[in-house]
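Hi,

Here is the structure I promised to pass on. Have a look at it first, then read on for what turned up.

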Amino acid sequence: MAKKKLTLAQKYHIYTRGLDWEPTYVSKKDIYPYAEYEGIKIKDWNKWEDPFRMTIEAYWKYQAEKDRRFYAILDGFIQNQGHLTLSDARYLNSIKLFIQGVTPLEYMAHRGFAFVARHLPGAGPRTAGFFQSMDELRHTQIEVHAGSNFNKYYDGFHSMTHMHDRVWYLSVPKSYFDDAVTAGPFEYITAISFSFEYALTNLLFVPFMSGAAYNGDTPTMTFGFSAQSDESRHMTLGLQVVKFLLEQHEDNVPIIQQWIDKWWWRGYRLTSLVGAMMDYMLPKRVMSWKESFELYVEDQIIEGLFRDLERYGIRPPLHMEQSIKEKEFLSHDVYWILFSFTFAAAFHSWIPTEAEMEWLAEKYPRTFNQYYRWRYEKAKEAKTPLPGDRFYYIGLPQLCQVCQIPMGFTDPDNPNNFVQRYTEYEGEIYHFCSDGCKWIFEREPEKFVQAWLPVHEIYKGNCFAEPPKGPEDVVPQVLKWYNIQTDNFDYFVSEDYKNWKEWHKDMATVLV
Amino acid sequence: MAVKALYNYKFPARDRAEVFGDDIIVYAYWIDNPFFCSASAWRVPKNMKWKDFVGQILGQLYGLDPDFKKVKEWKWYHFDNEFKPDDEKTLSELGLRHKSIVKFKPA
Amino acid sequence: MAVVETKRERFVAVDLQKNEEGYNVLQAILKDNPGAKIDEFPGYYKVRHPEKLLINRETVESFMGRPWDTQEFNLVIISYAGNFAEWDDDRILIRWDTHM
Amino acid sequence: MSTQYEIKQKVIEPKRLAFDYLLKRYGNRPASRYEEATVDIQQRENFHYRPTWREGVEIFDVNYSELKLTDYYSFLDPRQYYYYTYNATRAKNYEAVDKYFEFCEERGLFAKVDENWLKVYNRYFIPLRHLEYAGWILLVGVARFGYGTSITQCAEFNACDKYANAQLITRIAFELPEPDGDIFENAKKTWLEDKIFQPLREYVEKLLTVQDWGEVLIGQNLAIDVFVNPLVHIELDNLAVENGVTTFSFFSKYFYDMYKDNMRWTEKLFEVFVSDPTYGENNKKFIQSKLSHYVGQISKAIDEFSDVFMMPRKKGDFKKAKESVLNHAREIYSKLGLNIKI
């Protein structure tokens with residue numbers, strides 16, 4: 001009765017895929033009806049190699065420990081009124097964007113991976129997908145809990161889920177994930193596990209969270225790094241999925257390549273918001289967007305990952321070169337958009353200080369002074385009747401049909417202009433911010449003609465709390481429908497700023 | 001290429017012309033002036049006269065730029081084709097359609 | 001103006017949390033991987049090596065002064081570049097060019 | 001050098017006590033972490049694109065089930081589990097399991113299990129890892145297609161418990177002697193071929209093809225769980241004890257506790273379904289009709305287990321055991337006000 005000696009991998013198989021069986025009373029297709037229509041061919045699910053070998057009991061143990069640490073830090077921060085020791089209340093505007101834009105995506109990812117765990121016919125990847133579904137729920141909740149404390153003292157945090165469904169700039173992240181979860185299970189897992197988790201989340205979680213640490217926000221740094229430790233598992237899953245699909249059948253290669261092409265550009269456009277947060281919204285900066293793009297994308301992804309994938313016949317994403325060309329423009333373009341429309345946003349923006357402009361000029365010696373600095377000088381002159389002594393773009397922007405960002409991405413070959421592309425499909429015109437977004441549309445027009453574009457919805461009258469009483473009542477009714485209260489306008493006319501000054505006026509500053 | 005789906009995946013475009021009735025969406029873009037962070041979008045009647053359209057977009061938005069008043073005359077483009085609109089003609093008479101883009105720069 | 005500068009490098013890397021445990025793991029990595037380079041950022045360390053990074057349980061334990069399960073690596077890792085070529089009870093190996 | 005502020009003894013009045021949508025719902029009071037993590041978290045409107053995998057539905061849609069609620073957050077988990085409290089609770093629950101394994105190994109208890117009982121156990125118990133695993137698939141489907149975070153979160157955790165159950169059975173099996181060859185292969189063969197499992201397997205395979213998540217919960221949580229758990233973890237454990245085998249009673253209690261824990265949210269949810277001001281009647285009709293069907297099937301399926309009661313040296317009384325199981329089920333259904341003929 002001596003038990004045979006098993007390797008860890010064999011043991012793990014018994015713990016996971018060994019539980020599966022071939023049904024005989026119904027057909028397997030009836031249990032997993034969504035597994036074939038994408039055209040992915042799987043010869044042998046057993047060739048799947050588990051990206052990590054974690055049992056549920058180990059999962060409980062390590063995840064409970066991670067969360068115990070997180071909540072201890074959060075509670076300490078709350079008890080010590082840690083928000084008062086942030087570098088500056090301006091910092092929190094990046095966290096507002098995070099809570100409104102990213103946290104609901106974590107939630108969508110949780111449900112999306114539940115879909116993978118339910119509908120991929122391979123027990124191995126289903127199991128890994130399930131762990132990720134759990135993790136994503138965790139991320140949603142630790143982020144909500146970290147945001148909850150800020151919500152008590154600052155604007156912009158009070159209605160993130162509601163805003164995510166309605167507010168114009170949040171349709172950018174929302175449409176990204178809606179695109180993924182409406183796809184089949186294979187595209188979803190390639191889009192999210194591979195293109196997003198492996199190739200892009202580093203930009204979101206590592207340098208940005210390091211920035212949070214630098215600005216005194218330990219709960220955000222902790223949830224960021226703690227979430228990212230789950231992310232390491234997710235990255236491993238992403239890489240394993242793609243390699244597995246590529247090895248299963250040669251017919252899968254062109255399909256996967258197209259998904260990589262599509263989802264690289266979708267994800268890259270989405271993370272442009274992070275560029276603006278890093279370069280403009282952190283009062284103390286760790287590294288620029290460009291530097292982190294070079295480190296995390298050019299070195300790690302292009303030089304590292306894609307050279308590894310060459311042998312499978314996979315090349316770097318179609319529009320990768322364009323994103324490299326844009327790296328000295330991107331964050332400036334996006335912040336300028338956010339700055340221009342702050343009258344209708346649930347965060348504040350501001351004209352960078354002289355010192356900040358110097359930093360931007362130093363980090364972007366070929367673009368900032370040449371193309372962007374003058375806009376802020378002019379913004380001081382071009383005042384509007386709205387609160388804040390500066391310019392707002394009083395109007396509605398043209399949006400890209402695919403990424404839904406206002407069409408404000410500089411053409412690096414013609415830097416005083418934005419890229420504008422359009423196409424005609426079934427008698428209607430569609431506009432795009434880039435060749436990447438146009439390519440994505442033309443590949444799947446039936447999908448993108450459905451886009452809920454916030455600007456057009458406003459013009460259709462679908463975004464008013466009550467019918468406007470006149471032209472001057474239009475924006476207020478939209479803001480009411482968004483539930484934007486005192487969350488908008490320039491930082492220096494905000495309640496956040498007023499309160500911050502008030503709270504700090506009778507505090508001794510101690511140098512240590 | 002079509003979307004791969006388990007059923008006939010076809011829906012009317014959400015923002016198709018008929019949804020806007022007698023109005024159309026028109027975009028406007030000031031060439032070489034990135035002070036305005038993107039082209040703008042307007043819902044206007046097809047029968048609006050060109051001068052009223054110009055009055056609306058320049059009056060509400062583009063006039064905010066201090067450089068605006070320095071411009072005596074504008075050069076106009078419909079998409080990328082230069083055109084010389086007659087002030088009294090309507091947008092549809094001038095060939096503008098739903099989701100047309102009008103570009104302009106100082107002459 | 002479309003000149004793009006690039007000075008790309010190929011390396012494997014791990015990003016580790018800056019805390020006591022992360023520091024011990026970092027020490028173990030430096031000991032077992034001659035040629036590894038560290039960059040420090042607020043809140044985290046980035047260790048990189050042109051070819052591979054090996055994390056030995058025994059070495060980590062010698063720095064920790066207690067038993068250390070390789071699964072505990074999950075508690076300190078923030079991110080990585082490369083591929084987990086091995087992850088068993090005794091060691092974790094990260095490198096590129098691994099196949100299934 | 002860095003700058004720090006010396007915080008005077010000053011309390012800053014919060015400008016809001018909770019997120020706006022929680023204040024609207026619950027009035028001007030701080031919210032619990034459970035409420036913050038749960039209520040109104042799921043996206044509701046303005047979805048951009050339609051699913052490519054199913055016609056006529058949105059990404060999240062109340063029409064994924066016949067069961068409906070006027071307000072989906074009228075259901076809240078009585079255990080108030082959110083990710084941290086769930087994982088922390090389970091990690092703690094499992095510590096006892098780890099200790100017990102240690103204890104059994106130290107005393108060599110697994111090796112000493114009576115050979116005759118081992119045959120019984122291998123036949124009825126180890127194959128249940130497949131049933132638990134199917135429960136995982138079913139519940140994770142509810143976590144995807146259910147409506148409202150309060151419901152789907154419970155389903156997700158329940159799914160996790162199911163997978164953990166399957167793995168705990170596996171872990172026990174790893175400890176057992178293998179006089180008849182590979183214990184897992186044998187168990188799978190039993191699951192696939194042995195007559196005692198066939199109606200149960202047919203039941204669960206068919207349930208795996210059901211799309212309506214409400215019906216899945218009826219078939220799994222209100223039927224399979226309600227019948228199989230007391231049969232296996234109470235009645236058959238009693239029989240083991242009568243045959244002098246007590247090694248597994250600890251596990252029986254653990255599994256049964258897991259079941260009871262999940263019945264807390266399940267019962268609450270169905271209570272909310274049948275008492276809904278708008279949909280209560282329809283919900284009740286649907287539940288009664290589906291549940292009657294599933295109960296009929298599951299009741300017949302477990303009759304096959306009468307064989308198992310004949311296997312040990314000291315034979316058991318299946319009829320009596322079944323009656324206890326039925327009473328257990330009757331009690332739950334009548335508590336929910338459901339009229340189910342058993």
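Before anything else, a contact here means heavy atoms within 4.5 Å. By that rule chain B and chain C do not touch, and their closest C-alpha atoms lie 16 Å apart. Chain C and chain D have no contact either, with their closest C-alpha atoms 14 Å apart. Chains A and D share the most contacts of the 4 pairs of chains that do meet.

Some housekeeping. This is a predicted model, where local features need pLDDT of at least 70 and side-chain atom pairs count only at pLDDT 80 or more, while totals for chains, interfaces and linings use all residues. Residues are numbered from 1 along each chain as its sequence is written, chains are lettered from A and ligands numbered from 1 in the order in which they are written, and side-chain values use heavy atoms, with hydrogens and water left out.

**Chain D against chain A**

How many residues of chain D are in contact with chain A? The number is 99, and they touch 112 residues of chain A. The size of an interface is often given as the accessible area lost when the parts come together. That is the buried area used here (accessible area with a 1.4 Å probe that two parts lose on being put together, summed over both). For chains D and A the buried area is about 9600 Å², and carbon and sulfur atoms give 59% of that.

There are 6 salt bridges between chain D and chain A, a salt bridge being a side-chain nitrogen of Lys or Arg within 4 Å of a carboxyl oxygen of Asp or Glu.

Quite a list of elements in chain D supplies at least two residues each to the side that touches chain A, including strand S1 (3-6), helix H3 (83-107) and helix H5 (128-145). H6(D) gives the largest share, 17 residues. Helices (H or I, at least four residues) and strands (E, at least two) are DSSP runs, numbered from the N terminus. By class, this side of chain D has 49 nonpolar, 20 polar and 30 charged residues. Ala, Val, Leu, Ile, Met, Phe, Trp, Tyr, Cys and Pro count as nonpolar, Asp, Glu, Lys and Arg as charged, and the others, Gly among them, as polar.

**Chain D against chain B**

Here 9 residues of chain D meet 8 residues of chain B. The two chains bury about 660 Å² between them, 51% of it on carbon and sulfur atoms. D:Arg50, D:Thr52 and D:Glu55 supply 71% of the area that chain D buries against chain B, more than any other three residues. The interface has 0 salt bridges, but 5 residue pairs are in polar contact (both at pLDDT 80 or more). On the chain D side I get 4 nonpolar, 2 polar and 3 charged residues.

**Chain C**

Chain C has 3 helices and 7 strands, in the order β-α-β-β-β-α-α-β-β-β from the N terminus. Its C-alpha trace spans about 55 × 35 × 20 Å along the principal axes. Of its 100 residues, 53% are buried, where buried means under 20% relative accessible area, exposed over 50% and partly exposed in between (1.4 Å probe, protein chains only).

The structure holds 0 disulfides over all chains, a disulfide being a pair of cysteine sulfur atoms within 2.5 Å. A:Cys433 is buried at 1% relative accessibility. Likewise, the sulfur of A:Cys437 is 3.8 Å from the closest cysteine sulfur, in A:Cys400, again too far for a bond.

Most residues other than glycine have a negative phi. A:Glu426 has a positive phi, near 45°, and is found in the loop between strand S4 (421-425) and strand S5 (428-432) of chain A. B:Asp32 has a positive phi too, near 65°, and lies in the loop between strand S1 (23-30) and strand S2 (40-45) of chain B.

Cheers

Key
A polar contact is a pair of N or O atoms within 3.5 Å; within protein, one must be able to donate a hydrogen and the other to accept it, and residues adjacent in sequence count only if both atoms are side-chain atoms.
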